[in-house]
Amino acid sequence: MAYAPHSSTPDRAGSIMESHRGYDPRLWLFYGLTVLLLGTLAAGLAYQQLGRTVEHREREIVQSQRRVVVPGPRGNIFDREGRLLVGNRPRFAVTLNLDELRSEFRKEYLRIRRNYRDSGDKDLPTAAQMERIARVSVVQGYLNIVNRALGARHRVYDDILDRHYRQARILPYMLLEDISPADYARLLEQLPVTSPLQVYTASTRNYPHGTLAAHTLGYTAADDDLAVGADLPGADLTTFKMRGSIGRQGLEAALDSRLQGQAGGAIYRVDPAGYRIQPPLQKRRPVQGGDVVVSLDLDLQRAAEAQLAETGLAGAAVALDIATGEVLALVSKPDYDLNAFTPRLSHETAADIQTRGAWINRATQGLYPPGSTFKLVTAIAGLRSGHIEPDSTVECTGAYRVGGRIFVCNNHRDRGTVTLAQAIEKSCNTFFYDYGLKTGIDAIAAEARRHGMDDPTGIELPFETRGMLVPDPAWREARRQERWFPGDTANVSIGQGDLALTPLQMACFAASFARSESTTRPTLLHLADAPRLHTEPDGLTPAQRGAILAGMEAVTNTGTGRILQTPRYRVPGLRLAGKTGTAQKRTAEGTLNFAWFVGFFPIDNPQVAIAVIVEGDTPGEDVAGGRYAAPVAGAIIKAWADKTGRYGLATPPPATP
Amino acid sequence: MPRRFDQARPFLALGVALLAWLLLPALFKRFARLGIYELQAPVEVSASYVRDLQEFWSEKTRSKNELIEAARDLSRLNSAYELRLAEDGRLRAEIDRLEALLRLPSYGEFRAEPARVVRRDFTAWWQRLVIRKGGNHGLLVGSPVIYSGGLAGRISEVHATTAVVELISSPGLRLAAVFEGDDRPVSFQGGVNPPLRPAEGLLEFVPLDIFATPASPRRLVTSGLGGVYPPGLAVAEVFQLEPSTDGLFKSGRARLDPRLGRLSEVTVLVPLDGDFLPAGAPKP
Amino acid sequence: MNAAFRQVLALLACATGLIALLGQANHELSSFALTLSSPGLLVVYSALRLPLSRGLVVTGLTGLLLDAGAPIPFGSHALLLGLGYCALHGVRARLPREETLVGVVAAIFINLGLFVVLAFARLGELPDPGSAALRLLSDLLVSQLATALIGPWFLALQSRALELAGVAPSSLPAWSRRFG
């Protein structure tokens with residue numbers, strides 16, 4: 001193309017130059033706008049970079065960091081002599097760190113995709129499905145290494161792996177749980193130190209004595225929402241919690257805050273796919289929870305449980321340290337094996353416990369009419385109100401008329417004059433019908449309330465019943481809109497009627513009476529220098545007290561509890577005070593008898609108070625306190641004497657030449 | 001060419017070389033590694049023969065009196081060993097009888113293969129021995145290796161005429177050990193190799209009722225449970241045990257025998273039935 | 001055989017010799033729990049005297065020689081030596097690279113650099129990083145001492161080897177004249 005200069009160009013150029021040289025206000029406006037916009041941008045940038053540094057940094061941290069919380073093992077529970085009642089045992093598991101397998105997942109995915117394409121299959125899975133297949137394949141490969149080492153054939157569960165991958169891939173994936181120490185040893189030696197497969201140890205609750213004190217010690221359950229202390233850093237981060245445990249029953253529940261370990265954990269940076277980047281940014285080891293020393297005495301508990309188990313019947317037994325109110329033994333049968341609750345309770349075991357009626361702690365939740373053991377309360381009420389004197393007597397003919405009703409006394413065959421002490425010894429109903437009516441229901445109920453019988457004892461155990469009942473006319477009127485009859489007073493006087501008390505309350509009553517006081521607050525926590533309890537005195541004169549004690553001692557020697565003097569239970573030189581009882585409960589099938597024993601020992605220096613109940617299971621069967629409940633007390637007394645060595649001799653001394 | 005680019009050229013070249021290296025097939029790299037190793041092996045083996053020769057000539061300088069004394073000590077030792085052998089035979093018979101009585105499976109049998117040490121290769125990252133026997137003597141990866149003081153380690157690589165032993169002082173070796181007189185397995189891992197001092201190992205998962213202090217150390221032996229090492233071989237002496245914060249176990253330290261740093265001869269226990277080998281190791 | 005090939009071969013032979021020598025020294029030092037290593041010494045001659053590609057080949061192959069006998073991913077030493085090589089090659093124009101002292105000091109610095117890289121990258125993997133750090137520092141100290149002692153001899157050995165192979169770089173460095 002030929003070059004053709006335009007003649008007008010210089011002029012036009014000149015005009016352009018002219019316009020540049022001039023001060024065109026539109027151009028200035030443009031400059032101004034540009035500067036303003038750039039300035040705004042720069043200021044915005046400066047503000048974001050300098051002014052909001054902290055905020056951006058925090059947002060970056062929240063988006064790119066994750067916190068993994070690991071529970072701390074629970075504290076141990078020891079008996080009053082430092083013997084382990086509840087501890088922890090290690091639980092070995094094999095885990096796989098998925099974050100170390102990213103490239104393997106990818107390679108396997110590519111291989112699977114290639115295979116599908118090569119096979120010419122038209123019905124190709126989606127990419128997500130192939131990724132899922134790849135993950136299962138890789139994880140199964142690692143599980144096969146474990147299988148080879150252990151000679152096992154475990155399989156990967158696709159849905160569990162997928163759920164873990166989607167929801168918690170930052171946590172190690174559990175391949176095998178609760179492996180034996182021998183398997184753990186094999187894996188420890190055979191897996192390379194740097195393998196993504198690792199042997200993981202966690203703790204689980206261990207109850208070395210199985211069913212012993214099951215209701216008292218209680219159990220734990222899995223806790224997916226682990227409590228994390230405020231001092232554990234990273235509270236604002238997305239947190240993944242490993243499964244912990246929480247106390248659900250007994251002392252495990254009552255002292256959960258003390259036993260609960262301090263959670264540890266680590267903060268990891270994660271990549272956009274959610275895999276953690278090693279090593280962790282911060283790490284803190286979990287710390288074991290505090291240990292607890294409880295007041296139980298393993299030997300006494302064991303002796304009571306063994307004897308109660310021998311009856312084959314349901315029941316409860318409580319032994320208290322009279323001076324401090326510390327619980328030495330607290331038994332409830334039937335019971336359950338606490339180790340069945342870890343790692344989790346099976347449906348079959350739960351159903352079995354339900355069928356046997358073993359869930360209930362009969363010592364603190366079981367409500368029973370106290371039967372003849374309540375005669376002690378009637379006696380105290382009568383003595384304090386002046387209706388009974390230490391030398392009061394009654395003529396027992398075996399029948400006692402109250403209004404139009406005949407009340408019987410079949411507890412002893414020898415009829416005639418009965419003193420207070422004899423009435424207690426032989427458990428004479430007539431004496432207590434007569435003097436109970438004279439004393440009156442208000443005084444008897446007031447005496448029972450003074451001993452705290454209408455209130456929970458306040459023991460540390462959860463779910464102590466609040467349904468205990470000391471009936472009186474006001475209660476009858478308010479609750480049932482019915483009148484109170486003298487026959488009701490007669491019934492209450494011998495521990496029947498609407499009276500409902502727990503074995504623990506009766507043990508507390510025995511301890512209070514032994515101290516000549518009115519109430520005993522039981523505790524399961526042991527203090528080496530626990531202060532002696534001091535409550536309101538019971539207000540009995542020595543003579544009044546002597547009369548009751550004479551009767552109670554006679555019970556264990558010649559009376560209804562004389563089984564305690566048989567060679568199996570007898571402790572030479574140890575003076576016992578006791579009162580047996582047989583309470584009746586009407587059921588649809590017939591009347592059931594409940595055997596009671598309440599007492600304390602030694603009489604001259606009271607140390608231990610006991611209450612025992614054994615439930616009859618067959619209507620009409622004679623389950624008497626002296627025959628069923630007293631032996632359980634005898635076992636406790638014998639175990640105590642063997643331990644202290646102050647009375648009798650556990651084993652005969654070696655023959656001397 | 002601008003100067004700045006000129007300075008970056010070596011790094012660029014290194015980057016290209018690295019890329020090429022990453023693209024090379026794994027088989028080629030494996031072959032190259034083996035090839036280069038076998039190429040260098042004669043140098044080290046020759047050096048070890050020279051060292052043996054050196055030792056031989058230095059022994060030759062011993063006087064006749066020294067030799068007579070050594071022979072006398074040797075004959076005493078031999079008679080002591082004869083006694084031990086007789087006792088050992090009796091115990092073996094007893095073990096066989098009990099195993100038959102209780103119907104227990106017997107421990108795997110091993111073939112002992114003594115080997116001279118070509119080179120001790122000790123760093124903070126690994127602790128290995130190269131021994132003068134390899135695939136030519138039927139050695140297998142994973143076979144336990146012992147010495148006069150107990151367990152030395154296990155075979156980690158087998159080459160044509162040499163093999164590499166990973167020592168128990170190496171961070172890469174972990175085993176299930178037991179305290180002498182106890183049967184609960186604990187984890188032992190090597191890896192603490194301070195300068196001018198014997199190596200130490202770390203213990204984990206030690207039961208809380210086991211105690212050890214520098215004044216009263218406890219011997220650690222192989223458990224036989226792990227499936228690699230026969231039971232009862234001395235591993236280390238535990239001198240420190242402390243409870244961990246989680247209260248489940250104790251962790252601690254164990255001192256390894258200083259002779260591990262001077263090993264010149266070891267014995268490889270080659271399993272005859274292949275049960276005592278890690279998962280995935282080739283079976284005989 | 002062409003000159004470049006002979007040059008590479010001669011330097012590799014020297015490297016094999018040094019590796020074997022240090023291996024024997026470490027064998028004897030094992031009872032003291034000390035380890036000698038001098039990756040810098042294996043790199044300096046190539047980095048200071050050879051053209052880029054040839055030097056890189058020698059360095060890479062030397063690294064593979066070390067890798068073959070170590071329980072680490074094959075190629076790791078080659079990469080680390082390559083990094084040391086590149087760093088030194090980049091600054092060699094500003095150095096009196098024919099001086100023995102420069103070669104030895106450069107080797108010491110490369111040793112130090114690689115030590116720092118390794119310590120940062122892998123110290124956390126060891127079960128007790130505290131005592132491992134002490135061990136690594138002691139190893140570094142004795143290795144630097146050994147490098148300073150045998151450095152002049154090894155550089156002279158490499159020069160003489162090239163000379164014998166008839167492929168010495170055009171102007172011989174000072175270490176060759178002094179020890180030759």
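Let's start in a loop of chain A: A:Pro334 sits between strand E13 (327-333) and helix H12 (347-356). Keep in mind as you look around that this is a predicted model. What joins A:Lys333 and A:Pro334? The link is a cis peptide bond, with omega at about 0°.

Chain A has another cis bond to look at, running from A:Phe601 to A:Pro602, where omega is near -15°. A:Pro602 also belongs to a loop, the one between strand E19 (590-601) and strand E20 (608-615) of chain A.

Now zoom out to chain A as a whole. How many helices and strands does chain A have? There are 21 helices and 20 strands. Chain A is more spread out than a compact globule, because its radius of gyration is 39 Å, well over the 26 Å that the globule rule gives for 657 residues. Along the principal axes, the C-alpha atoms of chain A fill a box of roughly 155 × 70 × 55 Å.

Chain A also splits into parts. The domain assignment gives domain 1 (67-293) and domain 2 (298-335 + 361-644). Between the C-alpha centres of these two domains of chain A there are 52 Å. Where they touch, domain 1 of chain A puts in 14 residues and domain 2 of chain A puts in 13 residues. On the domain 1 side, the elements giving two or more residues are helix H8 (214-217) and helix H9 (250-254) of chain A. H9(A) has the largest share of that side, with four residues. Sort the residues on the domain 1 side by class and you get seven nonpolar, four polar and three charged.

Next, bring in chain B and see how it meets chain A. Here 22 residues of chain B are in contact with 22 residues of chain A. On chain B, strand E6 (174-179) and strand E7 (186-192) are the elements that give two or more residues to this side. E6(B) gives the most, with three residues. By class, this side of chain B has 10 nonpolar, nine polar and three charged residues.

Chain B touches chain C too. In that pairing, 40 residues of chain B are in contact with 40 residues of chain C. Helix H1 (3-23), helix H2 (26-60), strand E1 (110-122) and E7 of chain B each supply at least two residues of the chain B side. The side of chain B that touches chain C divides into 22 nonpolar, eight polar and 10 charged residues.

Finally, step inside chain C. The axes of helix H2 (residues 39-49) and helix H5 (residues 100-122) of chain C come within 8 Å and cross at roughly 125°. That angle makes H2(C) oblique to H5(C), and the crossing of H2(C) and H5(C) is right-handed. Among the residues that meet there are C:Leu41, C:Val44 and C:Leu48 from H2(C), and C:Ala107, C:Phe109 and C:Leu114 from H5(C). By class, the contact of H2(C) with H5(C) has 11 nonpolar, three polar and no charged residues.

Methods:
Residues numbered from 1 in each chain as written. Chains lettered and ligands numbered in written order. Predicted model: local features only at pLDDT ≥ 70, side-chain atom pairs only at ≥ 80, totals over all residues. Axes fitted to C-alpha atoms, helices over the stretch in contact; angles between N-to-C directions. Parallel < 35°, antiparallel > 145°, perpendicular 65-115°, else oblique. Left-handed = near helix turned anticlockwise from the far one by under 90°. Contact = placed C-beta atoms within 7 Å. Nonpolar A, V, L, I, M, F, W, Y, C, P; charged D, E, K, R; others polar. Domains from an automatic or database assignment. Rg over C-alpha atoms; globule rule 2.2 N^0.38 Å.
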